[in-house]
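Please open the structure in your viewer and keep the selection panel at hand. The stops below proceed from the whole chain to individual side chains.

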Amino acid sequence: MKIQIITLFPDMFTGVLQNSMLWRAQDRGIVSYEYVNLRDFGKGPRRQVDDTPYGGGDGMLLRPEPIVASIETAKQNDPGALVILPTPRGETYKQSHAKRLAANNHGLIIICPRYEGYDERIIKWVDHSYCIGNYVLTGGELPAMVIIDSVVRLLPGVLGGENSAEIESFQADDQTIEFPQYTRPETFEGESVPPVLLTGNHAEIAAWRKSHSHKDQA
Ligand code: ADE
């Protein structure tokens, strides 16, 4: 899967995409990450990509022309790619979305807005817009990394022999939450591992895990 990232800050991605599973996925040829620098599509000698909002208000908005030109450039590399826009105005991003994106036969083009947002007229070029939670971040780079991580780990071959992607949190549907897990030592700071997990009785262990699959209370 080719993942093209439209951003003003490609360096933000290097630590995340060049380590651990996301790096291994690229190393194994399962995924490739490519950057399209929005600045290259800016206007004038200063390659300006932003401007003030019509109607007034604080901050600057990304102009539509550089974004659309960068989408069209990315599409030339991968005509069938889905265009994803992280935005607080988008649909709440869930595991079911990650599964659908991972199962699609095409690559992804992810736009990372900055400043106070983007000109709404770019929406015509976007296939899916997603909000990763009810808080506001300074740009689309962190949401893009969240989306990439959640998709790439589901691609066949990324988690190797482990089947953890299949059994763990949210996998059956968006409501199922992972059960608590324990490893050695058997007793830590006076707290022991739940005895059922030491029995080797798979049916009882499965029942215990099912009954403990809920969110932690704050
Ligand atoms: N951009 C800024 N905040 C965001 C959020 N919570 N989700 C997606 N994109 C964003």
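Domain bounds here come from an automatic or database domain assignment. On that basis, the protein is divided into domain 1 (2–152) and domain 2 (175–215). This is a predicted model, in which local features need pLDDT of at least 70 and side-chain atom pairs count only at pLDDT 80 or more, while totals for chains, interfaces and linings use all residues. Residues are numbered from 1 along each chain as its sequence is written, and side-chain values use heavy atoms, with hydrogens and water left out.

**Whole chain.** Colour the two domains separately; the centres of domain 1 and domain 2, taken over C-alpha atoms, are separated by 39 Å. In cartoon view, look for 7 helices and 9 strands; helices (H or I, at least four residues) and strands (E, at least two) are DSSP runs, numbered from the N terminus.

**The largest nonpolar core.** Select Tyr33, Leu101, Ile148 and Val152, which touch the most other members of this 28-residue core. A nonpolar core is a set of buried Ala, Val, Leu, Ile, Met, Phe, Trp, Tyr and Cys residues joined through side-chain atoms within 4.5 Å. Buried means under 20% relative accessible area, exposed over 50%, and partly exposed in between (1.4 Å probe, protein chains only). Next, display helix H5 (141–152), one of the elements that give two or more residues to this core; H5 contributes the most, with 6 residues.

**Salt bridges.** A salt bridge is a side-chain nitrogen of Lys or Arg within 4 Å of a carboxyl oxygen of Asp or Glu. The whole structure contains 7 of them.

- Select Lys43 and Glu65, whose side chains meet in a salt bridge (3.9 Å, N to O). Lys43 is in the loop between strand E2 (32–37) and strand E3 (50–51), and Glu65 is in helix H3 (residues 64–77).
- Select Arg89 and Glu120, which form a salt bridge at 3.4 Å, N to O. Because Arg89 lies in strand E5 and Glu120 in the loop between E6 and strand E7 (128–131), this pair ties together parts that are 31 residues apart in sequence. Arg89 is exposed, with a relative accessible area of 64%, whereas Glu120 is partly exposed at 38%.
- Select Glu141 and Arg114, where the closest N and O atoms are 2.9 Å apart. Are these two residues buried or exposed? Both Glu141 and Arg114 are buried.
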